[in-house]
Amino acid sequence: MTASLDLEAVKREWQTSLFEREFDGDDLLDVVQRAEKTVPALIAEVERLTAKLKDQTERIAQLHRERGEAVAEFGRLRAEIERAWQPVKEVASAAPGFNPPCDFCGRPRLQVPKLIRARAGGPYICSHCVELCADILREEAGR
Ligand SMILES: [Zn+2]
């Protein structure tokens, strides 16, 4: 196996062999013998890296498919929850005591993020109006 092949060492060895020596016949033979040893290892390393890249590419494609499926499933579940919730909303909006409006802006409970009740039976204020009041108070405090 070529997993421990030191590519930097091979590179250094080849640079020394090819560029820093005067060549004679023995040197040339030496270079050829080194090539016979290192080139198959380099080819094996390239093949190993190519196979690894192929595996990773397939894994990424698989993750993209799974993500697409998860997004579709999420959308389907959200639509299902919305459908299941719809009759509850309708019943609730038809019952005035269950869906009281904000006493400031008139929006019903089901149309605001939060409706706060002062005491039993009201009055009520919604989170939009609370934020508006907070803005007014901040603005006045800043003068
Ligand atoms: Zn309001």
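In the protein chain of this predicted model, 23% of the contacts between residues at least 6 apart in sequence join residues at least 24 apart. Buried residues make up 3% of the 143 residues in the protein chain.

The protein chain contains three helices and two strands. Along the sequence, these elements follow the pattern α-α-β-β-α. Helix α2 covers residues 25–94, and strand β1 covers residues 115–117.

Confidence was examined next. The average pLDDT of the protein chain is 86. A score of at least 70 is reached by 86% of the residues. Confidence is lowest in helix α1, residues 7–19, where the mean is 70. Confidence is highest in helix α3, residues 127–141, with a mean of 96. Where pLDDT is low, predicted coordinates should not be read in detail.

Helix α3 has 15 residues. From its first C-alpha to its last, α3 reaches 21 Å. This is close to the 21 Å expected at 1.5 Å a residue. The number of buried residues among the 15 of α3 is zero, so this helix lies largely in the open.

The loop between α2 and β1 includes L110. Within 10 Å of L110 lie 13 other C-beta atoms. A residue counts as buried at 20 or more such atoms and as exposed at 12 or fewer. L110 is therefore partly exposed. L110 and A92 are 18 residues apart along the chain. Their C-alpha atoms are separated by 8.3 Å.

Methods:
Residues are numbered from 1 along each chain as its sequence is written. This is a predicted model: local features need pLDDT of at least 70, side-chain atom pairs count only at pLDDT 80 or more; totals for chains, interfaces and linings use all residues. pLDDT is the predictor's confidence in each residue, from 0 to 100. Helices (H or I, at least four residues) and strands (E, at least two) are DSSP runs, numbered from the N terminus. Two residues are in contact if their C-beta atoms, placed from the backbone, lie within 7 Å. The expected span of a helix is 1.5 Å times one less than its number of residues.
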